[in-house]
Amino acid sequence: MSELSVQINIAGRSYPLRIKREEEEGLRKVAKEIQGHLDKLRQTYAVKDNQDLLAMTLLEYANRLESKRMEEGSELTSNVLTDLDAFVSELSDK
């Protein structure tokens, strides 16, 4: 597995990173998405400070991630409860 040095630009700043070669495409895609989101927020809220825009973007992404975790968690809990019900029924039959 080879590593690659890349420069990622977000909000007018360059960030040097060492990544696995196979991660480059995904990382560049995410950086482009983040920059687009920053531009959208700048227009929508007339916020000029990049630090504020980055914080707002981080909060939105973290909120999405937490919502996804909650959905997956409830699905997992539901699956575990179904399995437990089946196990209890199986024990009751014996």
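Colleague: Where does isoleucine 34 lie?
Modeller: Isoleucine 34 lies in helix H1. Keep in mind that this is a predicted model.

Colleague: Why is isoleucine 34 called buried?
Modeller: Its relative accessible area is 18%. Buried means under 20%, so isoleucine 34 is buried.

Colleague: What is isoleucine 34 in contact with, leaving aside neighbours within four places in sequence?
Modeller: Ile10, Thr57 and Tyr61. Contact means heavy atoms within 4.5 Å.

Colleague: Which residues make up the largest nonpolar core?
Modeller: There are twelve, among them Ile10, Ile34, Leu38, Leu41, Val47 and Leu53. Strand E1 and helix H1 each supply at least two residues of this core. Leucine 53 touches Leu38, Leu41, Arg42 and Val47, not counting residues up to four places away in sequence.

Colleague: How do you know that the span of H1 agrees with what 22 residues should give?
Modeller: At 1.5 Å a residue, H1 should span 32 Å. Its end C-alpha atoms are 31 Å apart, so the span agrees.

Colleague: Which residues of H1 are buried?
Modeller: Ala31, Ile34, His37, Leu38 and Leu41.

Colleague: Which element has the lowest mean pLDDT?
Modeller: Helix H2, at 77, whereas E1 has the highest, 94. The chain averages 85. Where pLDDT is low, the predicted coordinates should not be read in detail.

Note on methods
Residues numbered from 1 in each chain as written. Predicted model: local features only at pLDDT ≥ 70, side-chain atom pairs only at ≥ 80, totals over all residues. Heavy atoms only, no water. Core = buried A, V, L, I, M, F, W, Y, C linked by side-chain atoms within 4.5 Å. Buried < 20%, exposed > 50% of the residue type's maximum accessible area, 1.4 Å probe, protein only. Helix = DSSP H or I, 4+ residues; strand = E, 2+ residues; numbered from the N terminus. pLDDT = per-residue confidence, 0-100. Expected span 1.5 Å × (residues − 1).
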